[in-house]
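Subject: Model for you to look at

Hello,

Here is the structure I said I would pass on. Please open it alongside these notes.

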Amino acid sequence: MEQLPLPTSLGEVESLIRALYQPNQPETISQIQDVLQRLQRSPQGWQLAQSLFANRDDNIRFYAALTIIVKLNRDSPGLTEDESKELLQNIVGWVIQSLVEGSATFVVKKLCSALVTYFIHFPQHWPLCLRHFIYCLDIGRGAPVEVLDEALQTSLLVGNLEPSKLKVAVWFATSLVEEVGKTDMNSTKYLNVHNQLAKNGPDATCLLATGFSLSSDNYIQGETIHCFQAWILYAQRVPSSASALLLLDPLRQLVDPAINTFADPDLFQDTAELFSDVLSNYSAFFTEAHYASLAAVLDSPWAAEKFRQLIQRPGESIAFGLLMLAYGDARVADLIESTDEQSQRLLGRLVGLLDADGYLVGEDTIFVPALEFWSTFVETMIDAVYDPSGPNTSWRQLAEQHLRNVVMNCWGKIQWPPVEVFAEWDSSERVGFSDARKDVADLLQSVFAINGGQLVAFFADLSLQSVATRAWAEVEASVFCLGSLSDCISENAEMDAQLAKVFAAPFFEMLGGGETGIPLRLRQTGLQLIERYKEYFERHAEYLPHALNLLFIAVDDPVLAGHSARAIATLCLSCRAILTGEVEAFLGQYQRIRSGNGTTNDSNAAGGGGKVLLLDSLAEERIVLAIAGIIQAISDEGRKMDMFQQLYGFLRADFERAVNLKADPGLLNLADPNYLRGVETAAATHHQPRSQQGGISADEVALQIALRGLRCLSSMAKGMQDVMERIIDLDSEPRPLFPSQGKLAPLQADIIGLMAEVQRTFYGSSEVVVCICNIYRAGFSETEPGPFVFPPDMVTEFLVSQAAGSTPRPGTLLSLACSFVGSLYRGPKAVVLRQLERLLPWVISLLQGLSGMSLSLFSTEPEADTEVAQNGIQFVDRAMSKYPEVLFQIQPQQMLEFFFLFSLEVLNGKEPLPKGAAADFWSAFISLKPETPELQSFITNAMDQTLGPLIAQSLMQNIGGNAARSELDKLSDPLKKLVVKQVHAQQWLEQALFADNFPSKTVTSEEKTMFLKRIVALRGARATNAVVREFWLACRGSNFAYAS
């Protein structure tokens, strides 16, 4: 885009300014702005601004004021003292001229901003800026600052101002304190600015007092309120106590005049905002006398009418409610322990804020702020109640009565609206309503600490009363509140008598469908209640059958299936020992669910009849997890294996079906629930509507059947994990976990064989690899034999069979290998060594596969797959730390050379996770203490001849500026080990620091030498990290030190 030529006359400049404020193409506006900004930045900018003020066009005068601000910010250091004083007199004169000539408000305010900018740059030339500005307004022209010595007192000067000039003075005072407040109070650059502003405090007070006194001019009073608020909040931030007092004492004298403006309807909004803001952010500003005055206002007939309006129209009168809450927050500790009638009336109204008309959030906007206040009230009350050194608690009965009313109001407010009302809400209103319910739950948990037993009994009785009247919204709210208390009481048997009222047979019959018209939300909340109180059902097994029957009935409802399946899993895993006698019934239920037993009316269903009900994949996984958990708890090993094989048989059939369908797509039968399960899962995966499910290929269905089976098998593996705490004798020989006789060995072989066949059939699927890895991983933490505690040789065989470069998700496989090697160390050493000897070459081959390189050439891209790089290095690190001889005996030896160079390349890279793994590896390598002299000699030679200088070079490249700041601590570890363990470390580090490719040019040779001396002298001490960070900052440069 070509630049416009600079204008050659004032008229052309004015034309450009007018064009800037007229409709134009964006490119044209950008060109005009560029020209005008060049003019502003030019040496003639000062003269241009002065010339533009001669024009009475508001836009031109506004741009003139803007030009003054730009020039002050850019070129003020170039002004002499006389020039700066002349400029001040001119700007003040332009303000008065614009006011007299009736310029627009935005022009006058921009000129006031220009004056504030002048004060920030020249506080020493304009110390009493506010008094001088008021004086000039009084005399009607700009005057030298020196004439102030002969001027009247500020109070008299302000009293002489006519309303239009008083208004401008208030604008300037507001802009002054707001703009100065944006500068850094702790910076020496602005220290004098803030000190001089504090000296203007008494003059500001005189101005504000006059503004408050003009009861006939609401506009000036409103501007005065805004100005007063700005000065108070500035005074809060002043660090100097002397400056703060200079401001605070005069400002506090204006509180009572400000309170008087409450009565003016036109000023109420501004006044309420002022006091709410100061009460919330600077409550210490008010004295006890001020608080007494505010309390009297809030207890007046005027306040009673305001409260009535707020309760009836909470969306329109929220300012008064926020004022009440701000006062309550500021005085909460006193209100809790106050028993006088005035305080009790105020607390009663604060309770009433939770019962305003309308639904939460959308209509009632005061509820959430009020809830926050009562949360603070409860937390403060808890501290007071349990404070052993506190006063007597004669106030507690009154406070608890208020809390009971709070709870009752909250219970009424969180009731769900009718479906037709909820359907009209937008997404933000729905989310806000749900969030408010969660906030109520948090409040109830806090209230429980004060009167927990009464709270539980209240909601238990309330739920029963609501059930009797069929008030479903009330029942749901009661059950929700009981559920929110589960973390407080679920493990406490003292509340069981109250819970028994709820978990009685009628409750389950009602939720199970025995009652018509039960809202879906109530059924969902009821299921969640069962899940939350799993410990109760452990103690009271008599209620367990009712609960599980209800949950399995709910599984048939597509909307409730997910909730009920999760509750089934939670309940069964918690009560597994109680339910072992019912495992056959659970298997029967699972078989019924898998077969799609039950139909709904759907004219589009295959076959023209009802549509088969199918459980979604996640819900099925949870049910399988629940059944497997119960099977795990069976004490009789023979029965346990029989039940396991029955459950496994369902999944085995899925695998066979998937493999066969992949081989023969013609087997797909959409009338068969076993195939429909794959169709439904495929449709959900691709977000396809049911009407388009016919377009899903047989291959996709086969894959989804296999994946669904693998995920369920993974759930089985989790469920079969041993949950008993067992004593492990670290000195004894490890007990074999892999019996070769009985049913377990052939079962494990069958599971592994099936997984291998599924992977071969769906070889390109990364999801298959992830699922299989999860199944293997489940057995690594076990200390007892089990179907998924596979022999190490089987696991190793699976891993090494995964070809580098062709198997998807190599990073996941390496992560599995890391977990596997960690679990191996509990076994006999010979077994461990045998696995590591096979796994290490495989791991390094995967690292080489990042770019398909040969063993001898190093041209990989370590950052091509960060997961592979990180997990590969971590595996070698873990193997080396325990059995270093395996690493150094690897064949061919070029693999070891490759890995060393690879990990160094990663250490030089940018990816933080692999880089951290490489730093850990080298830290461990440098610290190795081999058991044999041969191995020690090998490591020493490698360090002295090659690795030592390379490690030092990599560390210095990073610390010299290439590393991120967050990586420095991790990189300091190998540096400290190098200095402590290697005699040539100082030589290597010095070579790296003074190498030509050192990344930073900002540090001198002396600084490098000093850094090295400090590092060596510290000998690996903790302070090394700080020295590294300082040197890194120096290498990055001072500008980066600020940015970071």
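My notes follow, from the whole chain down to one residue.

This is a predicted model: local features need pLDDT of at least 70, side-chain atom pairs count only at pLDDT 80 or more, and totals for chains, interfaces and linings use all residues. Residues are numbered from 1 along each chain as its sequence is written, and side-chain values use heavy atoms, with hydrogens and water left out.

Whole chain

The protein chain has 52 helices and two strands. Helices (H or I, at least four residues) and strands (E, at least two) are DSSP runs, numbered from the N terminus. The C-alpha trace spans about 110 × 85 × 65 Å along its principal axes.

Of the 1044 residues, 52% count as buried. Buried means under 20% relative accessible area (1.4 Å probe, protein chains only). Contact means heavy atoms within 4.5 Å. Among contacts with a separation of 6 or more, 73% join residues 24 or more positions apart.

Helix α22 covers residues 396-413. Its 18 residues reach 25 Å from first C-alpha to last, close to the 26 Å expected at 1.5 Å a residue. The expected span is 1.5 Å times one less than the number of residues. Buried residues of α22 include Leu403, Val406, Val407 and Trp411. Glu400 and Lys413 are also among them. Their cover includes α19 (332-337), α20 (341-352), α21 (367-385), α24 (427-468) and α25 (472-484).

Helix α38 (residues 744-761) also has 18 residues, which should span 26 Å; its end C-alpha atoms are 26 Å apart, so the two agree. Its buried residues include Leu747, Ile751, Leu754, Met755 and Val758. Gln748 and Gln759 are buried too. The buried residues of α38 pack against α35 (637-663), α37 (698-719), α39 (766-778) and α40 (792-800).

One residue

Leu346 lies in helix α20, one of the helices covering the buried residues of α22. Leu346 has 9% relative accessibility and therefore counts as buried. What does Leu346 contact, leaving aside its neighbours within four places in sequence? The contacts are Leu298, Met324, Tyr327 and Leu335. Met324 is 22 residues from Leu346 along the chain, and their C-alpha atoms are separated by 8.3 Å.

Best wishes

Technical notes:
Buried < 20%, exposed > 50% of the residue type's maximum accessible area, 1.4 Å probe, protein only.
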